[in-house]
Amino acid sequence: MNTLLPAVVSGIAQGVPIFVIASGLTLIYGVMHVLNFAHGAFFLVGAYIVTTVLHGNSLGGFVLAALAAGLVVAALGTACEVLVFRRLYRAGSHVGFLGAFALFLAITGATVHIWGHDPRTVQYPAGLDGAVSLNGPRVATYDLAVVGVGVLLAVGLYVLLAHTSVGTRVRALSHDRAMASALGIRASRIGTLVFAIGSFLAGVAGALVTPVTSIDGSLASSYLVPAFVVVIVGGLGSVPGAFVAAVALGVIDSLLFAYVPSLSGFSYYIVVAVILMIRPQGLFGHASRATQIAR
Amino acid sequence: MPVSTRTRGWQLARTGGVHVLLGCAALALVVPMIATGTYVFTWTTAVIWALFAMATNVLFGWSGLLSFGQTAFFGLGGYTVALIHENRGNVDGLLLLAVAAVVAAVAGAAFSVIALRSTGAEFAVLTLVLAQVLWLLTNRVRALHGEDGIGGLYSITILGRELASDEQTWYTFVAIAAVCCWLLWMLHRSTLGAAMRAVRDDAHRAAALGIRVRRVQVLAFAIGSAFSAVAGGMLGLQQGVVSPTMLSLTISGQVLVACLVGGLRVFGGPVLGAVVLILAQQALSGVATDSTMFVGILLLVIVLVLPSGLTSLPGVLAAHLPALRRRARGPSPVTADPAPATAPKAGTETRS
């Protein structure tokens, strides 16, 4: 019991950034039908921006830096959508993938030119650097804060998708693009918006991981692949699915790390294989139409 | 396809794949004339990549199976060659490559039987997962030596001769690649090749016509894996070392990019794409310390200007030249996209 609770909390905290990336990926897939490789690069840029703008370790400064990362990356993502993806949409998903991969290479390459090869680190924000005692076992404060941010973002996304008119339009487009367009929903405008939201989330996710890891170019793919796995396990296009999958996978990985160290790192891949054997469309995916978002 | 060249002799040559062999022979002779020293080495890399891209295109372009994890079999080939060499020193290189091909074909068939339960993007991510699992294994299994990889592959002989110079390696590897290309061409012309294209275009209709869709897909995966493994083994022989980098995500992406840059629907497209990609990387690495950004930008330009690949260039030019002459500037491609009528196209692929 003494090791179980910290392992679970750190597992959830590990799953949150991946959920935040995956939710953007899955939203974009729902509307644009592109598995956006460039998302890993957006995430990396978010992390680098925090290392650049943040001086000292005040909590307020960290929050502002995270917001700045989100906004800059949102602008970057919007630019990519308008300049690249919108032109590629009609050419089919293969070409969309090629464009996304080209952007991934271009942006990660650019980060090397801007920020160099050396790994960079960020201090824990003041007040979040210790550990608190939860009825005995001790849990890192920053992990708890990350869990809080994750819940906040999940609720925010749920409200946005389920209870606003913009969310209704996003869901309509991912459900049936032709019909939604016939009803007067402007697909390209919603596409840009979804890209902006998705890349904002990627930027914030990048900011969230800065204190717990060292930031270099390999970060892009080391978080992108788990995010892809989470998107698939949750069901393509399903934000709740991504949330459940990210948290579950994070906890499983953390528990394996605590109890069966030789298998840690493989857990994502074992789970995705098992899930796809049982439910090829993912946990929350729809068999006929694998592109539904929050119902 | 150019209509004017369709004479009887040309047709016969195409049926037997003679033009593929002639093309490879011409390449083998021309490159040492225009390239010297390290450039021959670069061209050898390009030929290996061309074979890898061709093998990937069996899945991607011919059968419509998007695999992000072709590096799994590329790496599997390399590591098979290296492991056998480490344990039994004097096995011939050709035999090593053949064993690598068989191992990868079996592994690919077994994997695809399971993974083909899902389709489209889910399938693609499953293949990505396979590559990542193998990558992790290189770090966890001690016999694979982690980051360092397995070295000392220079001493492998091919048909009893060591690959002493870059030129010798070049001729040997072009010969191996030529045989592989010829086999792939014969496959392309065969009924199995036609079945693959039918499955790609419409799996339901193909099934209705009596094609066993799953069997064709599994065969395509096994064949693509086998040739990827040969390419991986060749890269190991050429570099003298295999390392976990061979299994990285970047390599998976690059090989798909090579296919797409060249053009999926033309047999030689991936070859052109791979050669362009490798030569561009080489040229750009001389200009800047890190060429990734420039490769990315180059790709973006190709994607935006020629989304069907470089091999579509003659067709595009033929279509646009009259208009180009009339107006000084070329017709701008579609900028805003107000027509969602074509939208369901992308969605049809995930359905099955």
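Reader: How does H3(A) pass H8(A), in a left-handed or a right-handed crossing?

Author: The model is predicted, so keep that in mind throughout. H3(A) passes H8(A) in a right-handed crossing. By class, 15 nonpolar, 10 polar and two charged residues make up that contact.

Reader: At what angle do these two helices pack?

Author: Read the angle together with the axis distance. Helix H3 (residues 59-88) and helix H8 (residues 187-209) of chain A pack at about 145 degrees. Their axes are 7 Å apart.

Reader: Take H10(A) and H11(A). What is the angle between them?

Author: Helix H10 (residues 239-259) and helix H11 (residues 267-278) of chain A pack at an angle of about 130 degrees. The axes of H10(A) and H11(A) are 9 Å apart.

Reader: Now single residues. Is A:Gln123 buried or exposed?

Author: Count the C-beta neighbours. A:Gln123 has 12, so A:Gln123 counts as exposed. Its place is the loop between helix H4 (93-115) and strand S1 (131-133) of chain A.

Reader: What is A:Gln123 in contact with, beyond its neighbours within four places in sequence?

Author: A:Gln123 is in contact with A:Asn57 and A:Pro211. A:Thr51 is 72 residues from A:Gln123 in sequence, yet their C-alpha atoms are 9.5 Å apart.

Reader: And A:His33, buried or exposed?

Author: Use the count again. A residue is buried at 20 or more. A:His33 has 25 other C-beta atoms within 10 Å, so A:His33 is buried. A:His33 sits in the loop between helix H1 (4-32) and helix H2 (38-53) of chain A. Look at the backbone as well. Phi of A:His33 is near 60 degrees, a positive value in a residue other than glycine.

Reader: How many helices and strands does chain B have?

Author: Chain B has 15 helices and two strands. Of its 352 residues, 48% count as buried. Look at contact range next. Among contacts in chain B with a separation of 6 or more, 77% join residues 24 or more positions apart.

Reader: Which residues have the most contacts inside the largest nonpolar core?

Author: They are A:Leu103, A:Val230, B:Ala50, B:Leu51, B:Ala177 and B:Val230. That core has 212 residues. Helix H3 (residues 38-62) of chain B gives the most to it, with 16 residues. Zoom in on B:Ala177. Leaving out residues up to four places away in sequence, B:Ala177 touches B:Cys24, B:Val47, B:Ala50 and B:Leu51.

Reader: Last, the interface. How many residues of chain B are in contact with chain A?

Author: Count each side separately. On chain B there are 38 residues, in contact with 45 residues of chain A. Elements giving two or more residues to the chain B side are helices H6 (120-140), H11 (249-262), H13 (292-305) and H15 (344-347) of chain B. That side divides into 24 nonpolar, eight polar and six charged residues.

Conventions:
Residues are numbered from 1 along each chain as its sequence is written. Chains are lettered from A and ligands numbered from 1 in the order in which they are written. This is a predicted model: local features need pLDDT of at least 70, side-chain atom pairs count only at pLDDT 80 or more; totals for chains, interfaces and linings use all residues. Two residues are in contact if their C-beta atoms, placed from the backbone, lie within 7 Å. Helices (H or I, at least four residues) and strands (E, at least two) are DSSP runs, numbered from the N terminus. Ala, Val, Leu, Ile, Met, Phe, Trp, Tyr, Cys and Pro count as nonpolar, Asp, Glu, Lys and Arg as charged, and the others, Gly among them, as polar. A nonpolar core is a set of buried Ala, Val, Leu, Ile, Met, Phe, Trp, Tyr and Cys residues joined through C-beta atoms within 7 Å. Axes are lines fitted to C-alpha atoms, for helices over the stretch in contact, and angles run from 0 to 180 degrees between N-to-C directions. A crossing is left-handed if the near helix is turned anticlockwise from the far one by less than a right angle, and right-handed if clockwise.
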